[in-house]
Amino acid sequence: MAELSPRRIAENLERVRERIAAAGRDPAEVEILAATKYVAADDLPVLAEGGITLVGENRAQDLIANQERHGDLFTWDFIGALQSRKVRDIAPRVRLIHSLASDSALRRLEQTPVEEILVQVNVAGEEGKQGIAPEELGAFIERCPVPVTGLMTMPPYTEDPEASRPHFARLAELAAEHGLTRLSMGTSQDFEVAVQEGATIVRLGSVLWR
């Protein structure tokens with residue numbers, strides 16, 4: 001990754017907001033989450049200088065280490081695969097966990113309650129990918145001991161953003177069916193399609209740095 005600069009990040013943030021507007025949404029309605037998996041801990045203050053306010057961590061150990069160094073700079077979310085044994089470590093440190101997808105994690109939430117949580121849905125039915133099957137979502141939400149306020153998905157990788165549209169549209173349908181308001185979907189290559197289909201949080205990486 002190229003050396004980060006606050007000015008470039010600020011310019012990229014503005015371009016992202018312009019692209020969201022061009023896609024037909026009010027940028028104020030869509031949270032821009034910076035996915036920091038490939039950002040060195042020493043570079044996190046540069047993101048803050050560039051205007052990033054919300055970050056998403058993929059690994060529990062990185063969340064803990066980075067928050068202890070830079071906790072006051074951002075609002076923190078967890079966006080990686082959620083291991084049940086890590087729930088106790090993660091939950092008190094974040095605003096939102098985007099990736100609840102197992103009954104073992106549900107049981108840990110009974111002991112470590114949070115104000116709200118997102119459920120990851122395997123909309124495309126990809127074998128081996130984390131996420132609740134759409135047909136099992138209602139029962140899973142009912143079993144959750146904390147309020148579920150939204151859904152997250154990661155569609156199959158593709159270089160064609162339009163290929164992701166049916167999966168984003170289906171997630172929005174599921175959210176509406178269950179009265180949920182948050183939709184975490186869309187990454188650097190397809191966020192415009194995601195916001196057209198109702199995303200309220202987009203998880204961006206390279207489009208913010210390059």
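Trainee: How many aromatic pairs does the structure hold?
Mentor: This is a predicted model, and it holds 1 aromatic pair. F74 and W76 form that pair, edge-to-face, with 5.7 Å centre to centre and 90° between the planes.

Trainee: Why both a distance and an angle?
Mentor: A pair of aromatic rings is described by the distance of the centres and the angle of the planes.

Trainee: Are F74 and W76 buried or exposed?
Mentor: F74 is buried, and W76 is buried as well.

Trainee: OK, strands. What joins β2 to β3?
Mentor: There are 4 bridges between β2, residues 54–57, and β3, residues 75–78, and the two strands run parallel. G56 stands opposite D77 in β3.

Trainee: And which helix goes with β2 and β3?
Mentor: Helix α3, residues 60–70, makes a right-handed β-α-β unit with β2 and β3.

Trainee: What about β3 and β4?
Mentor: Strand β4, residues 96–97, runs parallel to β3, and 2 bridges join them. In that pairing F78 stands opposite I97 in β4.

Trainee: Changing topic. How many residues has the largest nonpolar core?
Mentor: The largest nonpolar core has 61 residues. Those with the most contacts inside it include L47, I52, L100 and L208. Helix α7 gives the most to this core, with 5 residues.

Trainee: What is I52 in contact with?
Mentor: Leaving aside neighbours within four places in sequence, I52 is in contact with I9, L13, A34, L47, F74 and L208. F74 also belongs to the aromatic pair with W76.

Trainee: Which residues are in the other core?
Mentor: Another core, of 7 residues, lies apart from the largest one; among them are A35, L54, L118 and I201.

Trainee: Back to α7. Where is E173?
Mentor: E173 is found in helix α7, which covers residues 165–177.

Trainee: How far is E173 from R8?
Mentor: Their C-alpha atoms are separated by 36 Å, and the two residues are 165 apart along the chain.

Trainee: Last one, α5. Which residues are buried there?
Mentor: In α5, residues 103–111, A105, L106 and L109 are buried. Seen down the axis of α5, the buried residues fall within an arc of 105°, so they line one face of the helix.

Trainee: What does the face turned away carry?
Mentor: The face of α5 turned away from the buried side carries the exposed residues E110 and Q111.

Trainee: And what covers the buried residues of α5?
Mentor: The cover includes α4 (87–90), β5 (117–120) and α6 (137–143).

Conventions. Residues numbered from 1 in each chain as written. Predicted model: local features only at pLDDT ≥ 70, side-chain atom pairs only at ≥ 80, totals over all residues. Heavy atoms only, no water. Phe/Tyr/Trp six-rings, centres within 6.5 Å; stacked < 30°, edge-to-face > 60°. Buried < 20%, exposed > 50% of the residue type's maximum accessible area, 1.4 Å probe, protein only. Pairing = 2+ DSSP bridges. Right-handed = clockwise from strand over helix to strand, strands pointing away. Core = buried A, V, L, I, M, F, W, Y, C linked by side-chain atoms within 4.5 Å. Contact = heavy atoms within 4.5 Å. Arc of directions from axis to C-beta.
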